Amino acid sequence: MRATMMMAVLMMGLAAPVAANPPLREVKQIDDALYTVGLANEIRRKCPDISARFFKAVRFLRALEDKARGLGYSEAEIRAHLESDAEKKRLRARAADEMKAAGYKQDTDGYCALGRAEIAQKTEIGALLRVSR
């Protein structure tokens, strides 16, 4: 009887629906970290005087992927999110809004000024960048 009861409890547990993870864009710590990397990359690409701390950025991204896996996301889910054009567009729009709100134009001078400010303030974004000239 006890074995049958135990088996019934186990079977009920296995039959229970598995809670799906929310989309990665809704996981604030992941989304904010991807924003950090994305904005640092935009600064690096649009400001000729600033370059990336490439190995630091790679370590940052790998740690982020590890965190997402630790939260239960699969490699396929992570990869799909990282490669999503819609997500890239959304994060670029967020960067544009935040740059505008902070008084930076989205031109070479604006990206350079923002990059220098991030480096000087030793922010997460600044830690991924360095002045190259």
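Burial classes here use a 1.4 Å probe on protein chains only, with buried under 20% relative accessible area, exposed over 50%, and partly exposed in between.

The model is predicted, so local features need pLDDT of at least 70 and side-chain atom pairs count only at pLDDT 80 or more, while totals for chains, interfaces and linings use all residues. Residues are numbered from 1 along each chain as its sequence is written, and side-chain values use heavy atoms, with hydrogens and water left out.

**Stop 1: partners of R94**

The side chains of R94 and D32 form a salt bridge, 3.2 Å from N to O; the term covers a side-chain nitrogen of Lys or Arg within 4 Å of a carboxyl oxygen of Asp or Glu. R94 lies in helix α5 and D32 in helix α2, so the pair ties together parts that are 62 residues apart in sequence. D32 is partly exposed, with 23% relative accessibility.

Is D31 buried or exposed? D31 is buried, with a relative accessible area of 7%.

**Stop 2: from D49 to R116**

Move to D49 and R116. A salt bridge joins them, with the closest N and O atoms 3.5 Å apart. R116 lies in helix α6 (residues 108-120) and D49 in the loop between α2 and β1 (50-52), so the pair ties together parts that are 67 residues apart in sequence. D49 is buried at 19% relative accessible area, whereas R116 is partly exposed at 35%.

To see how the R94 contacts continue, select R25, K28, D31, D32, E87, R90, R94 and E98: salt bridges that share partners join these residues into one network. The structure holds 14 salt bridges.

**Stop 3: the disulfide**

Select C47 and C112. A disulfide joins C47 to C112, with an S to S distance of 1.9 Å; the cut-off for a disulfide is a pair of cysteine sulfur atoms within 2.5 Å. The torsion about the S-S bond of C47 and C112 is about 105°, so the disulfide is right-handed. C47 lies in the loop between α2 and β1 and C112 in helix α6, so the pair ties together parts that are 65 residues apart in sequence. Both cysteines, C47 and C112, are buried. The structure holds one disulfide.

**Stop 4: helix α2**

Colour residues 28-46. This is helix α2, with 19 residues, reaching 26 Å from its first C-alpha to its last, close to the 27 Å expected at 1.5 Å a residue. The expected span is 1.5 Å times one less than the number of residues in the helix. Buried positions in α2 include L34, V37, L39 and I43.

**Stop 5: pocket and cavity**

Rolling a probe the size of a water molecule over the atoms shows where empty space is left. On a 1 Å grid over the protein atoms alone, a cavity is a set of points where a 1.4 Å probe fits but cannot get out, and a pocket is an open set with protein on both sides within 12 Å along at least five of seven lines; lining residues have an atom within 4 Å of a point. Grid points are joined across faces, edges and corners, and a volume is the space filled by probe spheres set on the points.

The largest pocket has a volume of about 640 Å³. Of its 24 lining residues, select the closest to its centre: L34, V37, G38, N41 and L61. Helix α2 gives the most to the lining of this pocket, with ten residues. The lining of the pocket divides into 15 nonpolar, three polar and six charged residues. Ala, Val, Leu, Ile, Met, Phe, Trp, Tyr, Cys and Pro count as nonpolar, Asp, Glu, Lys and Arg as charged, and the others, Gly among them, as polar.

Which residues line the largest cavity? Select L24, I30, L34, L64, E65, A68, I78, H81 and L82. About 50 Å³ of space lies in this cavity.

**Last view**

Zoom out to the whole chain. The protein has seven helices and two strands, in the order α-α-β-α-α-α-α-α-β along the sequence. Buried residues make up 31% of its 133 residues.

Conventions:
Helix = DSSP H or I, 4+ residues; strand = E, 2+ residues; numbered from the N terminus.
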